[in-house]
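This report describes one protein chain for a reader who is new to structures. Look at the model first, then follow the headings.

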Amino acid sequence: GKHLLAAFPSLKEESSTLLKVVKTGKPIYNQTQVYVNAHGTRIDTMNTTLPIFLGKEIIGAVEIAKDYSRMKLLAERL
């Protein structure tokens, strides 16, 4: 029941792939995004975000996110 930016305060309207797609109606493929989750952990994801239309009206968006935080951390340690 929260707005996206209230649930993820580390995101901004300019950095949220979901909000960009809802605003523009254009899909985003394989874009990286970094945010802090509710537990204060940094999360690095690769997102594909697609608009949802009802007729010609955009009514939302769906996002598939691959969390690669652990892989990135291991690579940095090496």
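## A pair of strands

Asn47 stands opposite Ala65 in strand 3. Strands here are DSSP runs of E with at least two residues, helices are runs of H or I with at least four residues, and both are numbered from the N terminus. The model is predicted: local features need pLDDT of at least 70, side-chain atom pairs count only at pLDDT 80 or more, and totals for chains, interfaces and linings use all residues. Residues are numbered from 1 along each chain as its sequence is written, and side-chain values use heavy atoms, with hydrogens and water left out.

Strand 2 (residues 42-54) and strand 3 (residues 57-67) run antiparallel and are joined by 10 bridges. Two strands count as paired if DSSP finds at least two bridges between them. Leu50 has Val62 in strand 3 as its bridge partner. The hairpin formed by strand 2 and strand 3 has 2 residues between the strands, and in this hairpin Gly55 takes a positive phi near 70 degrees.

## The sheet and its helices

The chain holds 3 helices and 3 strands. Along the sequence their pattern is α-α-β-β-β-α. An open sheet contains 3 strands in the order 1-2-3, and the pairing is antiparallel. Strand 1 and strand 3 are the edge strands, each pairing on one side only. On average, neighbouring strands of this sheet are turned by 40 degrees against each other, direction ignored. In a regular strand the side chains alternate between the two faces of the sheet.

Helix 2 packs on the sheet and touches strand 1, strand 2 and strand 3; its direction makes about 155 degrees with that of strand 3. Helix 3 (residues 69-77) also packs on the sheet, where it touches strand 2 and strand 3, and its direction makes about 150 degrees with that of strand 2. Axes are lines fitted to C-alpha atoms, for helices over the stretch in contact, and angles run from 0 to 180 degrees between N-to-C directions.

## A buried threonine

Thr17 is found in helix 2. Is Thr17 buried or exposed? Thr17 has a relative accessible area of 1%, so Thr17 is buried. Buried means under 20% relative accessible area, exposed means over 50%, and partly exposed lies in between (1.4 Å probe, protein chains only).

Not counting residues up to four places away in sequence, Thr17 touches Ile28, Gln31, Gln33, Asn47, Thr49 and Glu63. A contact means heavy atoms within 4.5 Å.

## One aromatic pair

How many aromatic pairs does a search of the whole structure find? The search finds 1. The ring centres of Phe8 and Tyr35 are 5.2 Å apart and the planes are at 80 degrees, so this pair is edge-to-face. Rings of Phe, Tyr and Trp (its six-membered ring) pair if their centres lie within 6.5 Å; planes under 30 degrees apart count as stacked, over 60 as edge-to-face and the rest as tilted.

The pair links distant parts of the chain, 27 residues apart: Phe8 is in the loop between helix 1 (4-7) and helix 2 (17-24), and Tyr35 is in strand 1 (residues 28-36). Phe8 counts as partly exposed because its relative accessibility is 27%. Tyr35 has a relative accessible area of 17% and is therefore buried.

## The whole chain

Of the 78 residues of the protein chain, 23% count as buried. The C-alpha trace spans about 50 × 25 × 20 Å along its principal axes.
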